[in-house]
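Here is a short briefing to read alongside the structure. It covers the fold, the domains and the DNA contact surface.

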Protein chains: 2
Amino acid sequence: MKQDSRDRILQTATALFAEKGYDSVSLRDITAAAGVNISMISYYFGSKKGLYDAALAAQLSELSSLLSMDADAMDPRTLVREYAERAIRAHEKNPHLLKYIFRALLSPSAAQTGLFEAAVSRIYDLLDHALTRGVQEGLFRPDLDVPSAVLLLAGTVNFHYISTPVRDRIAAEKRVLPDERTYVSHAVEVFLRGIEKPNPRDAETPSPASADADF
Amino acid sequence: MKQDSRDRILQTATALFAEKGYDSVSLRDITAAAGVNISMISYYFGSKKGLYDAALAAQLSELSSLLSMDADAMDPRTLVREYAERAIRAHEKNPHLLKYIFRALLSPSAAQTGLFEAAVSRIYDLLDHALTRGVQEGLFRPDLDVPSAVLLLAGTVNFHYISTPVRDRIAAEKRVLPDERTYVSHAVEVFLRGIEKPNPRDAETPSPASADADF
DNA sequence: GTCTATATTGCGATAGAC
DNA sequence: GTCTATCGCAATATAGAC
């Protein structure tokens, strides 16, 4: 088996930390599930914290794929759709990623937030820049509040994934729930339609929705 | 001080559990911060789990105010705005509520999810019913996917709060961020505008956003 | 590389004095 | 109601045999 123990530990630990959180997982839990001896963690990763850092770093590297877009070369609406598509793929490729993100959001004092914040900050800049340019180009409402809209878009795309465990449990009594791609494509189009510049011909008959909008 | 110790314990524990999670808080942490003796937890709450259950139950009771709406008596758009307004008030009144909700979402195996799921389920029904009726009454797009839209609305309203800790930390380098009410009112109007029935006069000039929408 | 055995610490819980 | 003292246990970590 050579050093395939290291991979078994890292893979098992990544799943368990995502599922239960750092303090709710013991080294005995991990090594029992991975089928290796507990002293192998010290041997390969130094400590529990060292193991967690290795798992987190691997997760954060998955975020990079979201960032490698040339924002200035694309139509802002295309960039929004592309961001959503890449978020879907990132979550599909690694189902644990979002749990690490939300655990970092919930307990900001926890380990290794520096790397995490840098990645989040870059995504924020990317979307902020795209929406600002969309307003300047007359694609989006001139009174759009860009920081609010960036936040709305990020929440829109990611909330679905975080809510799946509970939704799956209450789904039995409800009608059938949408799958990931149905939801995200739907959500992005609602978002784009909601922020687009109103048709001039509608000027004399304002829509009910904008009656008390103040932005 | 009589039994004011009980209140001090409960209040301190509620904040610490929200901030760090159940397993990351020790009874010694709580009693040290509350300034009471550790044996008082056993005396008043029986066990750590008993203390957590007491804190969680108090949080969940805050959710009830979200539910006491007569959905059938209101315009669906009004209900959506009212839901958002009540969510804001619930979060303002108790800044720990959403952390308990998201911790339950992240670790569904954790304690006391039955009560939690019942509350979530009722909110889902409320919104699902309102949006369905809005479609039937011709207010919203006839091809609206209601389950997706319910999820989108819930994510829209709540994501803002969960992201505040990280946003506050990276806000220094960015432009100023929107406050709660600015964001939520903005987000709800984008949502309503995004799902409303298109003006018939736009039929021959479809909006760019709906070009590849398939719902 | 892997395992056993053990050192050390901090945990939840409670008996019993006051 | 409150405190001291302590029990039993599970946690992380590692020394050392193989």
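**Helices, domains and DNA**

Chain A has nine helices and zero strands. The model is predicted. Along the sequence, the order in chain A is α-α-α-α-α-α-α-α-α.

**Fold of chain A**

- Chain A has 215 residues, and 40% of them count as buried.
- Take the contacts in chain A between residues at least 6 apart in sequence: 67% of these join residues at least 24 apart.

**Domains of chain A**

- Chain A splits into domain 1, residues 1-46, and domain 2, residues 58-198.
- The C-alpha centres of domain 1 and domain 2 of chain A are 31 Å apart.
- Five residues from domain 1 of chain A and six residues from domain 2 of chain A make up the contact.
- On the side of domain 1 of chain A that touches domain 2 of chain A, three residues are nonpolar, two are polar and none is charged.

**Surface near DNA strand C**

- DNA strand C is surrounded by 18 residues.
- The closest come from chains A and B: A:S5, A:N37, B:S26, B:S42 and B:S47.
- Chain A contributes α3 (39-45) to this surface, with at least two residues.
- Chain B contributes α2 (27-34), α3 (39-45) and α4 (48-67), each with at least two residues.
- The most comes from α3(A), which gives three residues.
- By class, the surface near DNA strand C holds eight polar, six nonpolar and four charged residues.

Note on methods:
Residues are numbered from 1 along each chain as its sequence is written. Chains are lettered from A and ligands numbered from 1 in the order in which they are written. This is a predicted model: local features need pLDDT of at least 70, side-chain atom pairs count only at pLDDT 80 or more; totals for chains, interfaces and linings use all residues. A residue is near a molecule or strand if its C-beta atom, placed from the backbone, lies within 6 Å of it. Helices (H or I, at least four residues) and strands (E, at least two) are DSSP runs, numbered from the N terminus. Ala, Val, Leu, Ile, Met, Phe, Trp, Tyr, Cys and Pro count as nonpolar, Asp, Glu, Lys and Arg as charged, and the others, Gly among them, as polar. Domain bounds come from an automatic or database domain assignment. Two residues are in contact if their C-beta atoms, placed from the backbone, lie within 7 Å. A residue is buried if 20 or more other C-beta atoms lie within 10 Å of its own, exposed if 12 or fewer, and partly exposed in between; C-beta atoms are placed from the backbone.
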